[in-house]
Structure formats: structure tokens, C-alpha cells
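Open the model in your viewer and keep the selection tool at hand.

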Amino acid sequence: MGGVELARPLYFWLGFLATVAGVVLHLPMYLHGADMHYRLAGMPMDLPMTIGMGLIVAGLAVTAYGLIPPGALTARPAAEVRVRALDDARMRPAHIGLIVVMSVAVIIDAMKPITLGFVAPGMAKEYGLKSALNPAGELPVALLPLAGLTGTVLGSLLWGWMGDKIGRKPSILFAGVLFIGTAICGVMPDFEWNLAMCVAMGLGAGGMLPITFSLLAETIPPRHKGWVMVLIGGNLAVAYLAASWLSASLAPTFSWRVLWLVGLPTGVFLILLNRFIPESPRFLLAHGRDAEARAVLARYGAAATTQEATTAEEATAGVERVEDEHAGGYSRLFRRPFTGLTVAVVVLGLSIGLVTYGFQLWIPSNLQKLGLDQQTADRALRDSTLLGLPLIFISAAMYGLWSAKKTIVTLSALVGVALAVLAFSGETLAHDRTWLYLLLAGPIVGTATIAAVLAAYSSEIYPTRVRSRGSGLSAGMGKAGGVAVTAVLVAGAAAPSIGTTALLGAVPLILAVVAVLVFGVEPAKGAAGEPATPAAASTGA
């Protein structure tokens with residue numbers, strides 16, 4: 001696979017096939033429900049489903065065994081090796097191919113959690129859950145995204161550990177097999193089983209972007225890394241487009257359940273896609289696989305050495321020396337000279353989470369509450385996303401050619417204004433499709449793009465010694481915002497109106513604009529690739 005061998009290929013493929021077979025054994029029950037519009041709530045599990053669940057559990061275990069390299073727990077400390085593309089390296093066809101492949105992988109990965117918003121209306125109706133469309137229900141449907149979000153938080157920790165221990169490629173492969181296994185959400189007869197499957201789905205989806213960005217950091221030339229991260233991260237909007245398109249095209253005929261079942265073909269495609277994804281050269285070096293590492297480094301114009309290298313060697317070989325990596329923990333980010341900058345990152349990260357899991361997640365339900373039928377609502381979201389899609393490319397160009405700080409301010413202000421208009425007049429726009437589509441494009445595409453910009457920005461504005469913590473903080477704040485708004489929805493037992501969710505996102509976004517204007521810095525690169533932090537700016541460094 002891409003020049004990097006699996007640890008135990010026979011076990012991996014056996015586990016993969018067992019998982020696929022387990023999902024396929026669930027399909028007869030789904031097909032038998034065709035005459036009831038695929039309504040399966042309360043039906044007992046049949047024998048093929050029981051056997052299928054056993055095969056999936058066994059398949060995942062065998063797959064994991066097949067992916068763990070021998071001696072994974074006894075590797076040299078990864079912190080001894082630092083890899084990145086050389087400063088003077090140019091973009092090569094290999095880089096372009098990697099960007100395309102990782103973009104597709106991110107789209108497939110992101111479709112799973114995005115689908116939550118599109119299955120919620122149908123799921124609430126079938127299981128009798130409390131929602132904006134069914135206020136008389138019992139359990140709140142908001143428990144579903146809460147389970148998924150919990151899984152993504154755990155998944156972020158899991159894949160970070162797995163990526164260092166077994167490699168980036170095996171981690172993505174296992175995520176793909178997990179995606180396949182959780183496709184059985186579409187056949188679960190009980191809501192409680194859907195919650196369990198949703199946690200597992202979140203585990204698989206939680207680490208794709210961090211793994212992607214870590215690979216890019218080692219292979220993409222530094223002067224191109226920022227806009228490439230924005231471009232790939234912005235594919236979250238493309239994932240929303242795909243999810244809304246599938247919902248509008250398939251759900252009216254095959255019910256909401258089919259949106260989970262598409263995890264089978266997309267997961268298989270993700271497995272096949274891994275043939276074109278390189279392994280992390282840093283991981284290969286740390287595990288003594290030097291020949292494979294040299295091949296990857298040569299292909300992408302990168303180099304590496306150990307921390308014992310001299311400063312001159314580091315400057316020419318693309319190696320970063322890490323000092324004070326853990327001293328002070330995350331509290332270091334809130335002390336001078338980073339205090340104001342970290343405040344801006346925190347406010348912006350929280351606002352992204354509030355919009356994503358507040359406004360964006362519940363907009364399919366709220367549009368139906370305004371009188372649009374399910375197919376019309378999904379088409380409105382699809383068309384709005386298509387309308388806003390060029391914003392991803394414009395933002396990547398703005399970030400790379402103009403100003404990172406001004407890109408954040410411009411995007412945040414744009415989305416904040418759109419949300420403010422929706423907050424005060426959103427419920428009257430259902431019959432004015434032109435304005436509705438224009439205003440929805442901002443929160444859907446704009447929020448995904450802001451998240452991508454923030455990921456790139458936070459990886460560049462902090463100095464090396466605290467950069468990992470800065471990137472982790474920005475990502476964590478997005479999830480914290482999601483946890484906060486989802487917990488409020490669970491406590492309220494129903495999704496609030498389009499105006500309320502829009503206002504919940506508009507206020508922090510406007511505050512984020514002010515914070516970035518006051519405290520934000522421009523991550524100008526020096527010869528050694530070190531960003532211009534507040535401390536550097538104040539000393540003229």
C-alpha cells in the first residue's frame with residue numbers, strides 16, 4: 001500500500017471482510033421493512049443481525065491486530081525526531097496528489113457526524129423523541145449528537161495516541177473499517193442502540209483532521225502549508241453538500257436509515273484510498289524503518305534528523321528543535337506574552353462549536369418546522385452549500401496571499417452578520433428562497449472555512465515550544481462549544497428555533513472579531529519558519 005507494508009496483512013483483510021459481511025447481514029431486515037417505509041422501531045433482532053454484530057466485533061478486533069506493527073510499544077521516543085518539508089522545496093505532483101486524496105478522505109470522514117442533523121427529524125418521528133417537530137416526545141433527540149460529540153472527543157485522544165504508536169496510515173485504515181461497522185446504525189430497531197453506534201461513529205471520525213494536518217506538516221513546503229490546510233479543512237463544507245444531497249435524493253424513498261447505510265460503500269472507498277496516502281516519515285524513523293522513511297522524504301522534498309543536530313543542520317534539514325514542550329501545561333498559553341492571543345483563539349473556537357452544533361446541526365429540523373417538507377429543506381441546504389462553495393478557494397487564496405488575521409476577521413464578520421439577520425428575520429425567510437439560500441451559505445460554508453483557517457492559524461502563531469498545545473486548544477474549544485450547546489439542548493429537551501440557534505452563534509462570532517482585531521497577530525514566516533508571535537513582535541525578532 002503506497003510503499004508501506006501492513007504489519008499483518010492477512011489478519012487485516014480477514015478482519016475487513018468479516019466487518020463488511022457483518023454489515024451485509026443486517027441488510028435483509030432493512031429490506032424487509034420496505035413495505036412499512038423502512039420503519040423498524042421496536043422490531044426484534046433476527047438471527048442474521050445477531051451473527052452480523054458478532055462478525056463486526058470480531059472483525060474490528062482482528063483488523064486492529066493486523067494493523068499493529070511488531071514492537072510498536074518499544075519504539076524510540078518520537079520526540080527525538082522532527083520532520084518537515086524544506087523551506088525552498090517546491091510543490092510537486094506528489095503534493096497535489098496528496099492534497100486531492102486527503103481532501104476526499106476528510107469529506108468521507110466528516111459526512112458521518114454531519115449526517116446527524118439530517119437523520120434527526122426522521123429518527124425523532126420514528127422513535128417518538130422530543131424535538132422541534134415533535135415536542136410531545138419522550139427522550140430528547142439531542143442525545144444523538146451528544147453521543148456523537150462524546151465519541152469525537154474520545155476519538156481525538158485515541159487517534160492521537162494511535163497515530164504515534166501504530167502510524168498514520170494504519171490509524172486511517174482502522175477508522176475506515178470502523179466507519180463500515182457503524183453503518184448498521186441504519187438498521188438499529190432501538191434508539192439506545194443508535195446512541196451506542198453513534199459513540200463508535202464519533203470515535204472513528206474524531207481524529208481524521210489531526211492526522212491529516214500532521215501528515216501535511218511533514219510533507220507540504222512551509223510557505224504553502226497555511227493555504228493547503230485551509231483548503232483541505234474547508235472540505236467540511238463539501239461533506240455537508242454531499243450529506244444534504246444524499247438526504248434530498250435518497251431519504252424520501254428509503255427513509256433516514258439509508259444515510260447511515262451509505263457508510264458501507266464510503267468506508268470501503270476510504271480503505272482503497274489509503275493506497276495513495278504515505279506513512280508519516282517521522283513515525284517510520286521512530287520505528288527504525290529508515291529506508292521507507294527516506295523514500296517518502298525524497299518524494300515530498302522533506303528531510304529529518306534528531307534533536308542532537310546542530311542549529312545550522314536544523315535550519316537546512318527542515319528540523320524543528322522543541323524546547324520546554326510540556327512545562328506549564330496549557331496554563332502557559334494564558335500567560336504573557338500569549339494571553340490576549342489565546343483569548344482570541346478560545347473565543348473563536350467556542351463560537352465555531354456553537355454554530356456547528358447549534359445552528360448548523362439543527363437547521364434541517366428548523367427548516368421543516370418553518371413549513372418546508374423534508375426534501376425541499378434538504379435541497380435548500382444543498383443549493384446554499386453549492387452557492388457558498390467558492391468561499392473555500394477564495395479563503396485559501398486570502399490566507400496564503402493576503403493576510404491570515406484579516407482573513408479570520410473577514411470570514412467571522414461575514415458569518416456573524418448572516419447569523420444576526422437569520423436570528424431576527426429567519427422565520428420570515430422560508431418563502432423568500434433567494435435570501436434564504438444566500439444567508440444559509442454563510443453559516444454552512446463559512447463556519448467550516450473559519451474552522452479550517454483557525455486550525456492553520458493556531459498551528460503558526462505560537463512558537464514551537466507551545467505549538468502543539470496551541471493547536472490542541474483551538475480544536476478543543478470547538479468541541480467544548482459543541483458540548484455546551486448540545487447539553488443546553490438536552491436540558492431543554494428540544495431543538496430551539498432558527499432564530500435562537502442563529503443568535504447563539506452570532507454573538508460569540510462578533511466577539512471573536514473584536515478579540516482577533518485587538519489581540520491577533522500575523523503569522524509572518526522568518527527564514528527558519530518561526531512565526532511572528534507577540535513576543536517576537538515586541539522584540540523586533
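What share of the contacts in the protein with a separation of 6 or more comes from residues 24 or more positions apart? The share is 84%. Keep in mind that this is a predicted model.

**Whole chain.** Show everything as a cartoon. The protein has 23 helices and two strands. Now colour by burial. Of the 541 residues, 57% count as buried.

**Stop 1: α6 and α12.** Select residues 168–181 for helix α6 and residues 263–273 for helix α12. Their axes lie 7 Å apart, at an angle of about 165°. Since angles over 145 degrees count as roughly antiparallel, α6 is roughly antiparallel to α12. The crossing of α6 over α12 is left-handed. Next, show side chains. On α6, pick Ile172, Leu173, Gly176, Val177, Phe179 and Ile180. On α12, pick Gly263, Leu264, Gly267, Val268, Leu270 and Ile271. These residues make the contact. By class, nine are nonpolar, three are polar and none is charged.

**Stop 2: α10 and α17.** Move to α10, residues 235–254, and helix α17, residues 374–388. Here the angle is about 155° and the axes are 8 Å apart. This makes α10 roughly antiparallel to α17. α10 passes α17 in a left-handed crossing. From α10, the contact residues include Tyr240, Leu241, Trp245 and Pro252. From α17, they include Asp378, Arg379, Leu381 and Arg382. The α10–α17 contact holds nine nonpolar, five polar and three charged residues.

**Stop 3: salt bridges.** How many salt bridges does the count come to? Two.

Select Glu126 and Arg257 for one of them. The N to O distance between their side chains is 2.7 Å. Glu126 sits in helix α4 (residues 93–127), and Arg257 in the loop between α10 and α11 (258–261). The pair links distant parts of the chain, 131 residues apart. Are Glu126 and Arg257 buried or exposed? Both are buried.

Now select Arg382 again, this time with Asp383. Their side chains meet in a salt bridge, 3.1 Å from N to O. Arg382 is also one of the α17 residues in the contact with α10. Why does Arg382 count as buried? Its relative accessibility is 16%, and the cut-off for buried is under 20%. Asp383 is partly exposed, at a relative accessible area of 25%.

Note on methods. Residues are numbered from 1 along each chain as its sequence is written. This is a predicted model: local features need pLDDT of at least 70, side-chain atom pairs count only at pLDDT 80 or more; totals for chains, interfaces and linings use all residues. Side-chain values use heavy atoms; hydrogens and water are left out. Axes are lines fitted to C-alpha atoms, for helices over the stretch in contact, and angles run from 0 to 180 degrees between N-to-C directions. Helices (H or I, at least four residues) and strands (E, at least two) are DSSP runs, numbered from the N terminus. Angles under 35 degrees count as roughly parallel, over 145 as roughly antiparallel, 65 to 115 as roughly perpendicular and the rest as oblique. A crossing is left-handed if the near helix is turned anticlockwise from the far one by less than a right angle, and right-handed if clockwise. Contact means heavy atoms within 4.5 Å. Ala, Val, Leu, Ile, Met, Phe, Trp, Tyr, Cys and Pro count as nonpolar, Asp, Glu, Lys and Arg as charged, and the others, Gly among them, as polar. A salt bridge is a side-chain nitrogen of Lys or Arg within 4 Å of a carboxyl oxygen of Asp or Glu. Buried means under 20% relative accessible area, exposed over 50%, partly exposed in between (1.4 Å probe, protein chains only).
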